[in-house]
Amino acid sequence: LSKDRLLSRPRYRVVGEQERFDERDNVQSRGTLVPGTPDYEEFYRRHPEWKAKDDAVRALPGMGRAGAAADLPFVGAQHGLLADLGREDRVDGPVAPTRLQMSPERATEKVRGFAKHLGADLVRVGPLNPLYVYTHVGKTWHDPARSFGQAIEVPHGNAISLAVGISLPMLRTGPVVAEVAEIMRVYVRLATMAVTLAGYIRALGYPARAHIMSNYRALCVPVAIDAGMGELGRHGLLISKELGSALKLAIVTTELPLVYDPPQDIGVEEFCEDCSICAESCPGGALSQGEQKVIRGVERWAVNPEACFAVWNETGTDCGVCVASCPWNKPRSRFHRLMVEIATRKRKAGWWMSRAHKVFYGRFKPVSPPRWFEDGDPAWKNVKKYQRLL
Ligand code: SF4
Ligand code: SF4
């Protein structure tokens with residue numbers, strides 16, 4: 001990365017008071033509430049505004065329930081492993097009583113090297129902003145060591161962000177089981193490496209905790225942006241120079257002294273201002289085609305999580321059309337690497353690149369899953385009724 005694009009602080013603009021987020025308010029956490037239980041009653045007493053919408057989503061087929069019977073276990077088998085890796089006694093644990101002394105530079109080199117060796121495509125180190133730590137547990141994954149509404153504190157100052165790239169041919173299959181099977185593969189890999197890395201750091205004598213898909217205590221996207229992994233896109237996800245937004249994240253928070261990577265400016269905001277392909281392609285109309293707004297104290301594009309989650313529960317997958325349709329997520333050919341280089345350097349490249357993308361690639365068209373998936377996945381049929389523009 002050339003020096004002129006390294007920043008002393010992240011590019012996003014904090015223009016109001018930032019508050020910590022309660023994981024219970026997350027639309028996926030709300031989706032786990034069972035009508036008639038004390039947690040359900042207590043939650044909707046505090047949030048009656050969400051009850052009708054959430055109950056309507058609960059009546060849909062649900063995540064992991066739409067798809068061919070011979071393919072759904074591709075997801076279920078990985079889901080079970082993720083649940084196991086997310087247990088409290090796996091993501092965290094006892095710290096070795098003696099601290100091994102090491103310079104922050106050497107510790108960073110070791111942590112980065114080990115994470116890459118374990119399979120991380122991108123590794124960045126940055127601060128853990130306490131504002132990005134959830135206030136309360138929203139998803140327990142049936143782990144008896146966690147309870148809905150349990151208060152959260154993460155007393156660590158540093159965060160190691162890990163990213164693994166999503167296979168583009170699988171991502172482009174659209175909201176079908178093949179897509180979600182690939183996403184689960186990426187989450188399992190991230191979970192394995194984050195849990196292992198946290199265990200390594202605790203063995204050196206420093207507290208460390210893995211934050212993985214089945215047990216987050218912090219918001220991975222802003223933490224990874226603060227560590228210089230990329231910038232926030234219109235679709236509400238991180239866009240990196242190396243992998244676009246076709247990636248998933250995990251973090252390891254720790255007290256091990258480390259050297260931070262600087263945030264970076266790769267021109268995502270300017271690109272997204274001129275491009276709204278993700279918003280035009282979204283089957284649920286969940287993404288904004290307009291200007292940025294102030295959301296929880298930060299200027300960003302609005303995302304309607306309820307509309308998105310309805311598509312997930314109709315198709316039984318996590319959809320991914322916004323990511324699959326994004327011009328940053330192209331095969332890493334020499335031509336596309338050149339385009340990324342131009343996009344990161346030329347501030348107005350987004351205008352003509354997004355138009356060129358529409359001319360050459362047209363609107364998002366799903367590709368066929370590999371032959372080891374069943375033909376005519378019913379999940380895709382379900383999403384048709386949401387489709388406005390595909
Ligand atoms: S995952 Fe699908 S429904 Fe959700 S925002 Fe992206 S395109 Fe829209
Ligand atoms: S599709 Fe376009 S607007 Fe959406 S995140 Fe990608 S570059 Fe930004």
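Okay, so before anything else: when I say strand today, I mean a DSSP run of E with at least two residues, and strands are numbered from the N terminus. With that in hand, go to Arg296, which sits in the loop between strand S7 (293-295) and strand S8 (298-300). Keep in mind this is a predicted model.

So what's up with Arg296? Its phi is near 50°, a positive value, and this isn't a glycine. Is Arg296 buried, partly exposed or exposed? Partly exposed, because its relative accessibility is 42%, and that category runs between the 20% and 50% cut-offs.

There's another residue like this to look at, Trp141. Here too phi is near 50°, again positive in a non-glycine residue. Trp141 is in the loop between strand S1 (122-127) and strand S2 (158-165). With 19% relative accessibility, Trp141 counts as buried, since buried means under 20%.

Okay, let's zoom out. The protein chain has 16 helices and eight strands in total. Its radius of gyration is 21 Å, close to the 21 Å the globule rule gives for 390 residues, so the chain is as compact as a globular protein of that length. If you want dimensions, the C-alpha trace spans about 60 × 55 × 45 Å along its principal axes. Out of those 390 residues, 53% count as buried.

How about contacts? Take the ones with a separation of 6 or more: 80% of them come from residues 24 or more positions apart.

Now the ligand. Which residues are around ligand 1? We have Cys282, Pro283, Leu287, Cys308, Val311, Trp312, Asp318, Cys319, Gly320, Val321 and Cys322. Two helices, H12 (305-315) and H13 (321-325), each put at least two residues into that shell. H12 has the largest share, with three residues.

While we're at those helices, have a look at Thr317, in the loop between H12 and H13. Thr317 counts as buried, because its relative accessibility is 0%. And if you're wondering where Thr317 is relative to Phe43, they're 274 residues apart along the chain, with 26 Å between their C-alpha atoms.

That's my tour, happy to go back to any of it.

Key
Residues numbered from 1 in each chain as written. Chains lettered and ligands numbered in written order. Predicted model: local features only at pLDDT ≥ 70, side-chain atom pairs only at ≥ 80, totals over all residues. Heavy atoms only, no water. Helix = DSSP H or I, 4+ residues; strand = E, 2+ residues; numbered from the N terminus. Rg over C-alpha atoms; globule rule 2.2 N^0.38 Å. Buried < 20%, exposed > 50% of the residue type's maximum accessible area, 1.4 Å probe, protein only. Contact = heavy atoms within 4.5 Å. Near = heavy atom within 4 Å.
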